[in-house]
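Hello,

Here is the structure I promised to hand over. My notes follow below it.

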Amino acid sequence: MSIIIKSPREIALIRESGKVVSEVFAFLREKTKPGISTYELDKMVGEFIRSKGGIPSSYHYGGFPGNICISVNDTLLHGIPSKKIILKEGDIVSYDVMVTLNGYVADACRTMPVGKISENAQRLMDTAKKCFVNAVKIIKPGIHIGDISEIIEKTAHEAGYTCTDLYTGHGVGREVHEDPYVPNVGKKGQGPLLRKGMTIAIEPMLNEGKVELVTMKDNWTVKTKDGKLSAHYENTVAITDDGYEILTLEEKEEI
């Protein structure tokens with residue numbers, strides 16, 4: 001494992017990428033309405049990111065065809081934007097956004113409502129964010145990655161949800177995926193120690209039902225096997241002298 005420690009200059013550059021990511025979320029909150037296709041949303045986001053001088057990091061990453069991943073309802077992650085997927089009232093949709101600016105990547109995800117959604121869907125979304133909030137609050141140099149994982153898993157399970165161990169958070173910087181992996185399940189005291197200058201994407205992914213997942217024939221789209229809802233909340237976080245800085249928060253978003 002080769003964990004890259006970032007200089008203050010590099011963290012400043014990731015912060016700039018993160019600002020564009022947060023602006024994408026504000027843009028998407030305005031555009032997420034019944035009747036629009038995920039293809040249209042993806043096209044607009046690609047243009048928006050490029051208008052800010054950035055590059056959509058997902059585009060052609062490993063052959064992925066979209067500018068961002070757009071995952072609706074029972075799709076946990078890696079949803080491919082499509083003209084055939086039309087958002088409807090009551091849906092929830094996860095936007096996983098990665099932006100490269102000046103050679104550095106920021107990565108974050110938000111699950112958003114489409115119109116009026118059920119209380120169950122709102123609770124799932126709220127809990128995904130709560131998993132992140134509870135975990136990030138303990139971050140400082142010297143704790144283990146497993147400390148983060150344990151809190152995410154415990155928060156999810158206490159609310160009655162499941163977390164996959166097949167997909168994880170990760171380091172982020174010059175590359176989309178760097179060491180270390182940041183699992184959503186784990187035990188305190190396990191895994192690498194956090195050090196000042198590390199930048200990691202922490203991304204709780206919750207299933208409303210069972211933990212089992214299925215990958216579609218496109219080899220990207222990952223859905224819950226039982227067809228129940230999933231939600232995803234992610235931010236890029238820098239480890240500081242005595243704590244952390246979240247580099248992808250939306251304006252006025254509270255943690």
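Predicted model: local features only at pLDDT ≥ 70, side-chain atom pairs only at ≥ 80, totals over all residues.

**Pocket, helix and strands**

The largest pocket has a volume of about 350 Å³. A pocket here is an open set of points on a 1 Å grid over the protein atoms alone, where a 1.4 Å probe fits, with protein on both sides within 12 Å along at least five of seven lines. The volume is the space filled by probe spheres set on the points, which are joined across faces, edges and corners. The pocket is lined by 20 residues, and Leu77, His78, Asp96, His170 and His177 are the closest to its centre. Lining residues have an atom within 4 Å of a point.

Residues are numbered from 1 along each chain as its sequence is written, and side-chain values use heavy atoms, without hydrogens and water.

Now strand β14 (residues 235-239). Strands (E, at least two residues) are DSSP runs, numbered from the N terminus, as are helices (H or I, at least four). In β14, 5 of 5 residues are buried (under 20% relative accessible area, 1.4 Å probe, protein chains only). Asn235, Val237 and Ile239 lie on one side, Thr236 and Ala238 on the other.

β14 pairs with β9 (residues 199-202), antiparallel, over 4 bridges; pairing takes at least two DSSP bridges. Ile200 stands opposite Val237. β15 (residues 244-246) also runs antiparallel to β14, with 3 bridges.

In helix α3 (residues 119-136), the buried residues include Leu124, Met125 and Phe132.

Best wishes

Definitions and conventions: Buried < 20%, exposed > 50% of the residue type's maximum accessible area, 1.4 Å probe, protein only.
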